[in-house]
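User: I would like to learn how to read aromatic pairs and helix faces in a protein model. Could you take me through them slowly?

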Amino acid sequence: MAADWSSLPSELLNLVGDALLSSGDIDCYVSLRAVCHSWRDATADPRGPDPRFLPRRWVMLESNVNVRDTRRLFLNVDTGRFVWKDLPALRDYTYVAADNDGLLILRGPSASKKIFALNPFTGASIRFPVYPTHAPDGGLVVVAAGSSLMVVLYSFHADQQFRLIPDVDVATSSDLNFGGASRWILQAKPVLDAFESVVSFQGRVYAVDMKGTIAVLEDRWRFTAVVVGGWRECWQPPFLVDNAGELLVVRGPTSTGDKVQVFRVDLENKALRMIKSIGNQAIFLGSRSLSVNVDNLPSIEANCIYNFRRLMEIDMHRIEDGSHEKVFEPIVDNEVPMIMLLLNQALPLCLPRLLMNHAYFGTS
């Protein structure tokens with residue numbers, strides 16, 4: 001007699017579901033509930049307020065050139081699992097950005113001034129109360145702390161501004177009182193001198209400037225220096241990276257041949273510690289620098305830094321010995337740049353190129 005899997009006890013199903021959620025496998029949890037009605041009835045709806053239903057360590061890699069196609073490719077950078085998801089919301093809302101856990105930020109029609117955080121695995125959306133009329137053009141990070149979400153926009157230009165969009169409590173799905181739009185704008189100066197990179201790390205926002213000073217956004221309204229830098233401003237802009245639970249700063253390389261340098265941010269002692277190994281991780285540098293576990297990504301080399309050079313070349317730098325090699329070289333035609341662009345778009349999107357596109361551009 002065949003086993004009747006639909007009659008499994010709800011206690012057992014919830015134990016399996018809890019194990020999947022504790023390891024960040026929200027996609028597997030959704031698949032578990034899709035097996036049959038009884039399994040779905042026995043487990044919690046992932047569109048509910050439990051923060052465990054938020055995606056973790058997922059990145060969106062593929063933006064299909066067909067604008068009518070709402071499918072997108074996601075990668076779990078810890079497990080190496082690829083998943084295609086159909087996102088019907090993209091028909092009605094404009095994609096703004098995504099964080100490095102997989103939440104997507106969507107904007108409604110310009111007249112509505114609405115902004116949403118979309119969970120692509122559950123379909124749940126969280127509405128933020130307001131959206132700034134003129135958003136800074138530097139970048140965006142999503143900060144998740146417990147059950148609270150906050151969107152932070154920033155500008156790299158002369159104003160060096162940060163703008164905060166009000167918190168939303170995921171557990172209650174209610175808008176929190178933020179004190180009015182006039183309190184959104186923060187100035188990075190004088191704590192930071194022309195900040196260059198911003199990251200969300202363990203529920204807080206960190207930024208770094210060219211001199212290596214690192215500051216944290218505290219109490220929503222002020223920046224406090226956690227490391228006072230003393231670098232000469234002769235390197236390429238530094239990058240802050242959440243490297244599997246440790247905060248790193250990556251410097252270089254430069255056109256004069258200086259090697260990549262990697263520092264661990266010692267928040268307790270307020271210092272930078274140079275390191276020569278990031279273990280089985282690899283880092284892709286960009287406006288949203290990304291650290292991936294290479295154990296399940298055989299085309300990516302461990303303990304390496306990947307970055308774009310001129311004309312979209314991708315270089316791989318080995319941290320341990322300082323060597324480097326070119327892993328992608330575009331087709332170059334200086335006389336017909338449009339043909340060069342079309343030819344490069346037609347080239348196969350290998351995994352290093354997909355990950356670099358995500359880190360540098362926020363999409364492929």
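**Rings and a helix**

Analyst: Phe-284 and Tyr-306 are both buried, where buried means under 20% relative accessible area and exposed means over 50% (1.4 Å probe, protein chains only). This is a predicted model, in which local features need pLDDT of at least 70 and side-chain atom pairs count only at pLDDT 80 or more, while totals for chains, interfaces and linings use all residues. Residues are numbered from 1 along each chain as its sequence is written, and side-chain values use heavy atoms, with hydrogens and water left out.

User: How many aromatic pairs are there by the rule for ring centres?

Analyst: Rings of Phe, Tyr and Trp (its six-membered ring) pair if their centres lie within 6.5 Å, and planes under 30 degrees apart count as stacked, over 60 as edge-to-face and the rest as tilted. The count here is 7 aromatic pairs. One of them, Trp-58 with Phe-121, is tilted, at 4.7 Å centre to centre and 50° between the planes.

User: Which residues of helix H1 are buried?

Analyst: Helices (H or I, at least four residues) are DSSP runs, numbered from the N terminus. In H1, the buried residues are Leu-13, Gly-17, Leu-20 and Leu-21. These cover an arc of only 95° around the axis, so they lie on the same side of H1; the arc is that of the directions from the helix axis to the C-beta atoms. On the face turned away from the buried side, H1 carries the exposed residues Glu-11, Leu-15 and Ser-22.

How values were computed:
Helix = DSSP H or I, 4+ residues; strand = E, 2+ residues; numbered from the N terminus.
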